[in-house]
Every structure is written in structure tokens, then in C-alpha cells.
Amino acid sequence: MEEKNTKAKGKLLSWLDERYDISGLIEFAKKKSVPKFRETIWYYFGGVALLLFVVQVISGILLLMYYKGTEDLAYESVKFISTKVSFGWLIRSVHSWSANLMVLAVFIHMFSVYFLKGFRKPRELTWYTGFGLLAISMAFGFSGYLLPWNELAFFATKVGTDIVGQVPLIGEPLLKLLRGGTDVTGATLSRFFGFHVAIFPGIFIILLTLHLLMIQRQGIAEPDDYKNLPPAEKKTIPFFPNFAMRELLIWLIVINILAILAVFFPWELGTKADPFSSAPVGIKPEWYFLFMFQVFKFLPGEILFLPGELVGVLLFGIGVLLWAIVPVWDKKTAKGNKNRLLTYVGIFVIIFIIVFTILGFILD
Amino acid sequence: MKIKLINISVSALLVILLSFSLTKAQAADQCIKCHLDLDDNHAKLFKTDVHFSKGISCAGCHGGDATSDDMDIAMSKEKGFIGVPSRVNRYEVCVNCHVDENKMKRYGSNIPTDQYENLKISIHFQPTFNNEGPIADCVTCHSVHDIKDVKDPASKVYPTKIVELCGSCHSSAEFMKQYNPGLPIDQVSKYRTSVHGHLNSKGDPNAAECASCHGSHEIFAVKDSRSLVYATNIPSVCSKCHSDAKLMAKYKIPTNQYANYVKSVHGVALLEKGDLSSPSCNDCHGNHGAVPPGVESISKVCGTCHVLNMELFEESPHKKAFDEHNYPECESCHGNHLVEPATDAMVGTQKPAVCVNCHSNEKNTKGFIVAGKMKTLIDSLKTEDSETKSILNEASQKGMDVSDATFSLKDVRQVLIQSRTTIHAFDLDKFKAQIDDGFNIVSKAKLSGEEAIDDYYYRRIGLGFSTVIVTLLVIGLYFKLRKLEKKS
Amino acid sequence: MANNHSANSEQSNKTKRRDFLNILLGGGFVAWLAALFFPVFKYLEPPAVDEVKVTSVKIGPVDSMEKDSGKIIKFGNKPVIVIRKKNGDYVAFSAECTHLDCIVQFRKDYNQIYCACHNGRYDLNGRVASGPPPAPLKKYGVAIQNDEVTIFEEVA
């Protein structure tokens with residue numbers, strides 16, 4: 001049986017090799033390996049994020065078959081998908097849940113890379129493209145959230161774009177650009193739809209391709225703990241077939257989890273958005289924006305002589321920027337030294353996000 | 001002798017005083033003295049006028065100086081003489097005094113002073129077609145120079161005379177077509193056929209006549225909501241007399257109609273809900289030709305609105321049966337003034353069903369069976385409907401969408417309403433055909449609901465199935481991996 | 001010889017287990033793919049029903065209209081007359097007269113809806129009170145929620 005398999009594989013590969021000379025690729029694939037140590041578990045999260053992105057693309061394309069992106073039809077079309085289309089409920093709930101899980105996976109992946117210092121030279125660009133991918137993922141989430149045109153989404157978008165408007169200088173024009181006008185209207189919906197299904201996927205694919213190519217070219221990052229081991233003790237897992245099978249196992253479980261979530265925790269639709277009604281009490285954004293939202297709520301109206309929101313936007317902007325350019329200010333680890341500051345900053349950021357997210361949920 | 005002398009002197013004194021006062025009076029109204037001498041008809045008439053008896057002279061209306069016997073002074077403009085007031089504004093003469101309470105009191109009268117206020121906004125006060133003042137002013141109805149107190153049988157507006165008065169315009173096609181060619185002109189002739197009209201002809205001033213219902217000064221078009229005979233005002237207008245026990249005792253008419261009517265479906269609809277299509281007294285009894293509908297014609301009267309019920313009834317076996325027994329058709333089951341909302345309890349084989357009044361297991365058995373079957377069908381549709389509603393509710397509680405099926409159930413209400421009308425054919429087959437529609441709708445909705453609930457479980461079963469496959473795969477992969485790693 | 005036999009049987013056992021595992025994995029994957037593609041293909045099959053559209057128009061807070069007054073609003077591309085009755089209740093009807101489609105108005109002095117074109121009148125239930133209109137005015141639903149008045153189309 002196994003010989004039959006390898007024979008078949010061999011036939012396919014030689015067919016391709018005759019035409020595209022892929023012997024180099026095959027050699028590369030055979031040699032590709034992943035460090036095997038205590039922290040290997042973190043190495044799966046990038047793949048999970050990739051899987052969830054693929055799930056999003058497929059389920060998103062399926063939703064496109066029935067979704068209508070105008071003010072008077074958006075809500076009705078999502079209702080139609082959820083109730084009248086065969087398995088529409090499944091596709092829709094999977095899409096919504098997978099979006100959330102993807103952002104979570106990307107965050108975990110980012111933090112694991114941070115603490116394992118995978119951003120060091122020569123991998124700075126991989127970090128930057130990765131950060132770009134995080135930003136686009138959250139933008140995906142923000143734009144997609146509006147598409148069902150329900151009450152919650154409408155007001156979340158209103159509040160979210162209001163905060164964008166607080167950015168000094170470019171805030172106002174940026175707000176108009178996002179909203180397609182001064183208020184959140186059907187024009188906003190059209191824009192967000194365009195962003196969500198065309199612009200963001202395009203940028204994402206480019207960044208992702210770069211991100212993955214760079215990893216293949218440079219090999220997987222090895223943290224110092226592992227790198228400094230004597231070669232005899234450096235255990236590895238060959239990528240094909242071992243690590244790939246492990247990933248497959250995890251991916252199967254993740255997909256099944258999505259199905260379970262879709263059946264037992266179906267995504268709600270709520271009521272149709274009405275621009276003239278007042279915002280419902282306790283309006284808040286999705287969890288991955290919640291910590292920012294909560295911080296803004298705590299800011300006083302005025303700090304020194306500046307409006308509170310402006311200070312908030314500036315502080316956040318600076319914080320995010322510093323985080324993004326960590327390869328620049330972290331010189332110590334590039335040289336193989338420990339950087340306590342880096343670790344403390346990382347721990348602080350995680351705790352900060354967790355605390356404010358929890359506060360965002362329990363406070364009203 | 002002495003007494004006789006006193007008598008004579010007292011009488012003489014009286015005569016002197018009387019003639020003195022007469023002269024005084026005559027001295028007060030030189031106008032009439034002169035005009036009587038001239039054999040003026042108006043002056044002759046005026047002597048019968050109520051104003052004359054109150055001591056008002058010709059100058060009271062025409063102006064001028066009544067104390068002077070010199071025509072030039074008496075009838076001078078300086079003294080306020082206005083001659084014969086023109087048709088256009090002659091009413092102003094009456095208004096001069098009759099809106100003033102003090103003036104009324106001065107002449108010992110306590111008649112109301114709102115006539116002009118009311119007349120001004122009434123339909124009669126619109127200008128004539130050739131702009132010669134209001135269509136009807138004070139003079140038109142009360143006449144002039146021979147005006148009597150309205151309680152005086154000689155008054156033109158006394159109940160026994162007012163009908164002719166109103167009719168003088170309102171029964172004239174020539175006259176009415178100048179204003180409203182569509183307005184009927186048969187009111188008087190219809191009225192004369194009515195009970196009110198008969199009594200009125202016989203001289204009964206208590207029977208309703210034109211002003212009793214339409215008002216006197218404040219008359220509006222019937223469609224005008226301010227009119228006393230506007231649909232919503234009619235019941236209370238009729239009840240003004242017809243709920244008065246003392247008044248009605250003479251005619252031996254009961255006085256509970258209004259009290260019953262306001263509690264009835266029709267009364268509540270008209271008076272509380274403002275539904276103008278609901279009948280008030282005149283819709284069943286007629287207005288001018290008001291007469292209770294006769295026994296045989298009741299279904300026709302009810303049938304003017306309840307057409308379907310009437311048609312079905314008249315084709316039904318009940319029509320002949322009721323007529324033979326002199327039963328008052330619709331009224332037998334539904335009442336006349338106190339028509340209560342018809343409920344499903346009215347059909348069936350047990351009280352309070354009205355069927356049992358004539359039908360039982362021993363007598364008129366066929367009808368008894370039919371009534372029972374109809375009741376069963378209605379009840380079972382209602383039961384099916386509520387069962388289906390609870391299934392749909394269960395489905396929606398489970399998070400499944402059943403809005404279409406829920407919506408379709410609204411038609412069941414329609415079917416029930418139509419079936420209740422079809423009852424009046426008293427024909428089981430017709431009834432079954434009608435109500436079967438409802439059963440169809442309900443069974444379809446029930447199916448939808450059950451399918452939705454099934455789908456709920458189907459999802460969970462599908463998930464379980466997929467999870468089993470995934471679990472098997474995961475286990476298989478795990479073992480395969482273990483093998484692989486063992487090898488290396 | 002004996003060794004060979006036992007080695008062979010061990011090998012054949014191993015092969016049997018290996019084959020079983022491979023069959024399990026292969027079959028499992030096929031089943032998994034089927035479980036994945038089945039919903040996707042069913043999803044792509046167009047469903048039997050069409051979408052349902054509902055429209056509604058918010059006209060403002062309850063107190064934005066005075067009692068015993070009326071106004072015309074735009075409901076999509078249709079005119080609708082909204083009346084606040086003397087007792088504070090709201091009613092709404094199509095503002096197109098059923099006679100010849102003139103726009104009706106609320107008349108305070110009649111407490112009725114009036115059409116100036118040919119003197120048609122409707123009561124505050126939309127029913128014809130007098131004049132040429134042959135049919136009542138179509139009724140629109142009124143919902144008051146959180147002090148906001150919404151006019152919606154009553155689905156028959």
C-alpha cells in the first residue's frame with residue numbers, strides 16, 4: 001500500500017519535474033524542519049491564523065453569492081442567508097466566528113514571536129509585514145462587522161469612526177474618507193464592502209506572500225535557548241510529513257470547533273439599523289477593539305489643555321508605533337543578549353489588554 | 001244704595017284709568033295708530049304679534065320716533081328710521097335685541113339669546129344663490145309682524161305647524177335644486193308616513209318634528225359633524241325623548257333602547273370607536289319615515305350592511321320556518337338594540353348556544369346535529385391553530401426562523417370570520433367547504449414548524465456526525481505520527 | 001527458517017495494521033471532505049423563496065406633532081398623511097384620494113380628512129364620510145417605541 005502511495009507521488013512529481021524542474025523545490029521541502037523543544041507549541045499559531053484566513057476567504061466567497069451590499073437590502077440578504085439558504089446559517093456563523101478566532105490567533109502568534117524574539121535581524125521585515133497583517137486583520141473585522149447593517153454594527157461603526165476623526169490634522173478627512181460622507185450612511189456600507197472584499201484581501205495577500213516567502217528563504221526562527229544548545233541536542237521535526245501532519249491534526253480540530261460554535265452559538269442578527277433611532281444602551285465594539293474603547297471611556301474630558309480623546313489617540317498611536325518598530329529599539333537581543341525591558345514591556349502590554357478587555361465586558 | 005254708588009264710582013275710575021292708559025299706549029305707538037287708520041295689513045297683523053303685546057312699537061324694529069304723529073318726524077332718518085329693512089340684512093333688526101340678555105329681561109322674557117350665534121354658523125345662513133342675504137333668516141321661519149311665542153300654537157314654528165314651514169322650501173324641487181339638487185325633497189311626505197308624523201298630524205306637540213332632531217337655529221348639513229343628526233349624535237338626539245319614561249308612558253313605548261344600544265356592538269363601534277359605518281337609530285328605523293321594521297323585513301334591514309348574512313339566511317331553511325312562526329328573523333338570535341358581539345358560543349348544542357332555543361335531540365333533530373357538527377369544526381380549527389402556534393413558538397425559541405409560517409396563520413382568522421358568516425346558510429356542506437381552507441393553512445404551517453424543529457436537531461446530528469469523523473481522523477493521524485516518529 | 005517465519009508474520013501483522021491505519025485515514029479523509037463539501041454544494045443551490053422587503057419611516061418624537069393636527073410625509077415614493085388626534089393618538093393613511101389621486105389634508109374644523117379637489121371627506125378611520133371617493137384610504141401602521149413614532153406599511 002505504502003509503495004503504491006510513493007509510486008503515485010513519484011509519478012506526479014516526475015511529471016511536474018519534467019516540465020518545471022522542481023527538483024530544487026523537492027530537496028528544499030525534504031530538508032525543511034522545525035525546532036523541537038518546549039516552545040514548539042507556539043509555532044503552530046501562524047499556521048492556524050493562515051487556516052482561518054483561508055476559511056474566511058472561502059466562506060466569504062460563498063456569502064458573496066447571496067449578500068447584497070446596499071442599505072435597504074443588506075440586512076434582509078443576511079437574514080435570507082441565515083434562514084432560507086441551505087446551510088446558510090452555517091456559512092454565516094462560521095464566517096463570523098472564524099473572524100474572531102483569526103484575530104485571536106494573529107494576536108497570539110504576534111506575542112509568541114515577540115517573546116521568542118523572532119523579529120530580530122535578519123527577520124525585521126517579516127515582523128513588519130506581520131504587523132501589517134495584524135492591522136489589516138483588524139481592519140477586516142471592523143469593515144466586515146458593518147456589512148449586516150444591523151443596529152449594533154451601525155452604532156459601533158459610528159463610534160469607531162468618530163474616534164478616528166479625533167486624530168489631529170488628518171482625522172477629519174480620514175473620517176470622511178472612511179464614511180463616504182459626514183455621517184454613517186449607505187455610502188459607508190458601500191465603501192466598507194469594497195474595502196472588505198477587494199482592497200483588504202489584495203493587500204493582505206501581498207503581505208502574506210511576502211511574509212511566507214521570507215520565512216521560507218530564511219528558515220524558521222530559532223530562539224536563543226535553542227540556538228545555543230550543542231548540535232547533538234538540537235532536536236528537529238521534519239516539516240514534511242511530521243510537522244505538516246501535526247498541523248493538519250490541529251487544523252482539523254480547529255475546523256470542527258468552528259462547526260460546534262456555529263451550531264451551539266449561532267451568530268445573532270439583531271434588528272435592522274435605523275439612523276434616526278437613538279443608540280442602544282451599552283454599545284461596545286467587538287472584543288479586539290474593546291480595550292481601546294474602554295481606555296477612551298476612562299479618559300477625562302480634558303487633559304492639560306487638550307481634549308481627552310485627542311490625548312488618547314495620540315498616546316495609543318505612539319504606543320502602537322513603538323510596538324511596531326521593536327526591531328529598531330531592541331538592540332540587545334540582536335546581539336544575543338537578554339533584554340529585560342523588552343520582556344517587561346511585553347508582559348505589561350498583555351496584562352493591559354487583558355485587564356481593559358475584561359473591564360470592557362463587565363462594566364457598562 | 002251706598003254700595004251701588006261705590007261700585008259705580010270705582011268702575012268709572014277704572015274706565016277713566018283704562019282709557020287713559022290706552023291713550024297713553026296709543027300715545028306711545030303713533031305709528032300703529034296711523035297705519036291702522038290707513039288700513040295697513042302689516043299694522044293689523046302686528047296687533048297679534050308677541051312684540052306688540054310686550055309693548056314694543058313699530059319703531060322698535062323700523063326705527064324712528066313712535067311718539068310723534070307727524071310722519072316727517074316719526075319716519076325721519078335723524079330719528080333712526082330705517083324703513084323696510086332689505087332682505088339682505090333684515091335679520092340685524094332682530095339681532096339688535098335678541099342677543100342682549102338685558103334687553104330680554106327688560107321685556108320680561110327669559111328666552112335664550114344664542115339664536116344668532118347658532119344661526120350664523122348654520123347652513124341656512126349661507127347666502128342665497130342671488131346673494132340676497134342668508135337663505136333663511138329670522139323672518140323666513142318666524143315670519144314678521146305676526147310673530148308668536150314658540151310655545152303658542154299659532155306660532156309658525158309650533159310643532160304642529162313647523163313641518164309645513166320647513167317643507168315650504170325643503171319639499172320644493174324648484175327651490176332646492178338652486179342649492180343642492182342632490183338633496184331629497186321627500187322628507188315631509190316620508191314623515192307623514194311615520195309614527196311621529198301621524199301623531200303630529202293629529203296635533204300632538206310632543207311628537208318629534210323637524211326641529212326636534214335637526215335643531216332650530218344650529219342646523220348643519222347632515223354630513224357635518226356639528227350637526228345634531230350627524231351619525232354619532234343621532235342616538236342621543238333620539239334618546240332625548242325615547243329614554244324619557246314619563247314622556248313615553250303615554251305612547252306605551254319602552255325606554256331602554258338607548259341604554260341597550262350604547263352597550264351593543266353597533267353602539268360601541270359608533271360612539272366609542274367613531275366608526276361611521278356602524279348603524280345608529282335612523283339606519284334601521286329610517287329617519288323621516290321612522291317606523292320599526294316589520295317582522296318579515298328585519299333581515300332586509302340588517303341586510304343593508306350584513307349583506308352576505310342576509311343572502312345566506314334567505315336561502316336557508318330558517319327563512320321559511322321563521323316566517324311561518326312569525327319569528328323576527330335576525331333579532332331572534334341577535335337581539336335588536338342590544339346586539340352583542342357574536343361569539344362561537346352562540347353555535348352548538350349546549351347553552352348559551354341560541355340553536356337550542358328551537359333544536360334539541362328530540363325536536364328538530366336535523367338542525368341539532370348540524371349545529372353540533374359546525375361547533376365541532378370551529379372548535380377543532382381553533383385548537384389546531386393554537387397547537388400550531390405553540391409549535392412555531394417552540395421552533396423560534398430554538399432559534400429557527402418561522403416568520404413565514406407565523407405570518408400565514410393570520411389567514412386562519414380570516415377563514416374563521418368567513419365561516420361564522422357561512423353559518424347563516426345553516427348548510428353543513430357549505431360550511432365545511434369554507435372552513436377546510438383554514439385546516440389547510442394550519443396543517444401547512446404546522447408542517448413548517450415541525451420541519452424547523454427537525455432542522456434544529458438535524459444540525460446537531462450533522463455536527464455530531466462530522467465530529468465523529470474528525471475524531472476518527474485525529475486518532476488515526478495521531479497513531480500515524482507516532483509510527484513515523486518511532487521510525488526516526 | 002523459524003526466525004524468518006516469525007519475522008514474516010510480524011511483518012505481515014505490521015503491514016495489516018499499517019494497511020488498516022491507512023484505510024482508516026484515507027476513508028476518514030474522504031468522509032471528512034464529503035462532510036465539508038456537502039453543505040457547500042447545498043448552499044450554492046438557489047433556495048425556493050424570494051426575499052421579503054419591509055419599509056418603515058420614522059417621523060420623530062411623539063410630541064413633535066401637536067394634538068389635533070395633521071401632516072404629509074414621504075413614505076418611499078408615496079405620500080402618507082399622519083394625524084395626531086385630539087386625544088393624542090396617531091393614525092396614518094395613504095394621502096392619495098381614492099377618487100382621482102389628489103393629495104388629501106387634515107381639516108381641524110371638520111375633524112375629518114378632506115380632499116380639496118372634489119370635496120371628498122374621510123373620517124379618522126380612513127373611511128369615506130361623504131363625496132365622490134369610492135373607497136377608503138389605505139391604512140398605515142403606527143408604532144410608538146421609546147417615544148419615537150414610526151409609520152410602517154401594514155402587510156395585508
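In one of them, the side chains of B:Asp401 and A:Lys84 pair up at 3.8 Å, N to O.

A word on the source: this is a predicted model, where local features need pLDDT of at least 70 and side-chain atom pairs pLDDT 80 or more, while totals for chains, interfaces and linings use all residues. Residues count from 1 along each chain as written, chains are lettered from A in written order, and side-chain values use heavy atoms, without hydrogens or water.

Now the contact itself (heavy atoms within 4.5 Å). Chain A brings 21 residues and chain B 19. About 1,800 Å² is buried between them, 67% of it from carbon and sulfur atoms; that is accessible area (1.4 Å probe) lost on being put together, summed over both. On the chain B side, B:Arg459, B:Leu463 and B:Leu477 lose the most area to chain A, together 30% of what that side buries.

Let's turn to the surface. A:Val57, A:Ile61, A:Met65, C:Leu33, C:Leu36, C:Phe37, C:Phe41 and C:Leu44 form a nonpolar patch with about 720 Å² of accessible area together. Patch members have over 30% relative accessible area and no salt bridge, with nonpolar side chains (Val, Leu, Ile, Met, Phe, Trp, Tyr) joined within 5 Å and like charges within 9 Å; areas are Shrake-Rupley with a 1.4 Å probe, and for residues only the protein chains shown count as cover.

Key
Buried area = accessible area lost by both parts, 1.4 Å probe. Salt bridge = Lys/Arg side-chain N within 4 Å of Asp/Glu carboxyl O.
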